[in-house]
Amino acid sequence: MAASEARADCSEAALAEALADVPELARLLEIDPYLKPFAQDFQRRYKRFNETLNNIGENEGGIDKFSRGYESFGVHRCADGGLYCKEWAPGAEGVFLTGDFNDWNPFSYPYKKLDYGKWELYIPPKRNKSLLVPHGSKLKVVIRSKSGEILYRISPWAKYVTREGDNVNYDWIHWDPEHPYKFKHSKPKKPRGLRIYESHVGISSYEGKIASYKHFTCNVLPRIKDLGYNCIQMMAIMEHAYYASFGYQITSFFAASSRYGTPEELKELVDTAHSMGITVLLDVVHSHASKNSEDGLNMFDGTDSCYFHSGPRGNHDLWDSRLFAYSSWEVLRFLLSNIRWWVEEYGFDGFRFDGVTSMLYHHHGMGQGFSGDYHEYFGLQVDEDALIYLMLANHLIHTLYPDSITVAEDVSGMPALCSPISQGGVGFDYRLAMAIPDKWIQLLKEFKDEDWNMGNIVYTLTNRRYLEKCIAYAESHDQALVGDKTLAFWLMDAEMYTNMSVLTPFTPVIDRGIQLHKMIRLITHALGGEGYLNFMGNEFGHPEWLDFPRKGNNESYHYARRQFHLTDDDLLRYKFLNNFDRDMNKLEERCGWLSAPQAHVSEKHEANKIIAFERAGLLFIFNFHPSKSYTDYRVGTTLPGKFKIVLDTDAAEYGGHQRLDHNTDFFSEDFKHNERPYSLLVSKVFKI
């Protein structure tokens, strides 16, 4: 037998074995035959996932029980009034509990050492049955390291931490209220088309201060509901010592940030959102952790490992943070329990996983261009420990909470990230379409209007993997941060300070900016994915950038706020953009284009700067030409019959010039055009 024939037989045998091991791998390879050479990679991943799941079943009684670590780890009041405490500190020589309750005697309550680096402590109840550790009192875990050093630590399972006055470090506060918040409303049904309002509680007020959960509940949720969003993505909820980290340097994973209020007030926020029919996602950060040791996970047991890889592998050089050891049994318990906690305790409906690209690869995406060559997604550069954790997390979420939603922030474009685990995929529901905002910023920064390439715009908006759903967005919090500009600022810049009054005539810059702002958002919404995301305030062209208080800006809150009141002022043009965003969302709610099959683009005319496409029974027509309008412009369609205008960026209520008569009926003819069986003449297609 020739060598090439032997290799072919071996390859066929390996493929057959992979198809036998992964239940629905055949479906994945049918969807994308170019993945066939990597069938063994999917087989190995799936087998490792199954082995881990089976090990959890054999040793822990199943993932349901395994993911309830928060019920035993940390500090808990027992039914008899005593206290049960448990920690995992494999590098410790001794573990103790101290706090207000024992006048901070560091060694009076030692933990008992168990197997596998676990420690436990039971403190009997007081004779008078009063609370041993009252609600609101301070606690610390005391660690005696192998070198004999005495370390004061916050439990990794702490449910509430806060910083008093000018203190640098956070304090662990025992949270055990007599009357915990009771949820009043059922969760909304899983939306067919996801319209996400990306939110940050702290910046949600126009005042120069940190806003509260109460403020967001009373003042921002009604705005979100009115705008037609059916989902909010809550950023910076998991406790983070450094406010300017935007919530991405987590110090206490089970604690809701105290800078906005209490855990009960966050529960009220989620419950109120549910009463409005709004789904609530948590921005979960399991890709890395803060390097803080006094009030974080780092060096918890006196070693540089514990929850993290030891040595260089445990550090993220770009983010200056620690990296989890995802293959560790107790790290898996910690992270999976953390997922479960936010659903069970606070009622969250799913998660947006931050930093997935960093998790998936040993190079963390640093210095990588990701050309789309499939070899970039397989092989030794993939961190399969992290990938298996993500599969387990998705399995947990979708098994226990079938209506929950998971979204991956991945810039690499890894195949099958949003395919079912049964196909060998990672199991996410959606991925963020991160190339889209980059494309809009590139066009506004580098090209004149007349040089915009219609084909390239369409390609960017439609370039997504078949049957792997995407969340499209024109801009998110990333574009709003200092050092970049929002779309509104790229379009209108300094004139936003002087020419946004309706009492002044349109300047060319403001006119162009307002019209393009609407068109960019609509075409992204309708063509770019199966979900849509907007960062709070950007819907109305929020002026200025976002910058948190820090030394470099003299600790100023001036740019760490959202000026929603600008849309309430009838004398300002911000209301036009706000109105358009609302009606765009409400039209999607009526017609459901996000849950419809991908659009058919019938025209992307470079000279005319026209893009036309159909989706969900709607015909979308965009004229991006800076100077040309058209009369009796023919557009192809699959639909026979009468057409009416249902959304017009040129309408007066959206700051347009009201050049179209909305009472006009348009009729398609049995006349083929642009490979569509019917066509119609649109009386006027105006320039931007």
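Which residues of α10 are buried? I will start there, and one caution goes with everything I say: this is a predicted model.

The helix itself is α10, residues 435–446. Now the answer to the opening question. The buried residues of α10 are I436, P437, K439, W440, I441, L443 and L444. Please note that a lysine, K439, is on that list.

What do these buried residues pack against? The partners are α11, β20 at 469–472, α12 at 477–480, α13 at 487–492 and α14 at 508–527.

Take the α11 side. Helix α11 covers residues 454–462, and T460 is found in it. Leaving aside residues up to four places away in sequence, T460 touches A435, I436 and K439. Two of those, I436 and K439, are among the buried residues of α10. T460 has a relative accessible area of 14%, and since the cut-off for buried is under 20%, T460 counts as buried too.

D103 has a phi near 55°, which is positive, and D103 is not a glycine. H364 is also a non-glycine residue with a positive phi, about 60° in its case. Both sit in loops: D103 between β3, residues 92–99, and β4, residues 112–113; H364 between α8, residues 356–360, and α9, residues 384–400.

Are they buried or exposed? D103 is exposed, because its relative accessible area is 70% and the exposed class begins over 50%. H364 has a relative accessible area of 18%, which puts H364 under the 20% limit, so H364 is buried.

A positive phi also turns up in a hairpin. Strand β1, residues 74–77, pairs with strand β2, residues 83–88, in the antiparallel sense and over four bridges. Within that pairing, H76 stands opposite Y84 of β2. Five residues lie between the two strands, and in this hairpin G81 takes a positive phi near 95°.

Last, the domain layout. The assignment divides the chain into domain 1 at 12–67, domain 2 at 80–174 and domain 3 at 598–682. Taken over C-alpha atoms, the centres of domain 1 and domain 2 are separated by 41 Å.

That is the end of my part.

Note on methods. Residues are numbered from 1 along each chain as its sequence is written. This is a predicted model: local features need pLDDT of at least 70, side-chain atom pairs count only at pLDDT 80 or more; totals for chains, interfaces and linings use all residues. Side-chain values use heavy atoms; hydrogens and water are left out. Buried means under 20% relative accessible area, exposed over 50%, partly exposed in between (1.4 Å probe, protein chains only). Contact means heavy atoms within 4.5 Å. The expected span of a helix is 1.5 Å times one less than its number of residues. Domain bounds come from an automatic or database domain assignment. Two strands pair if DSSP finds at least two bridges between them.
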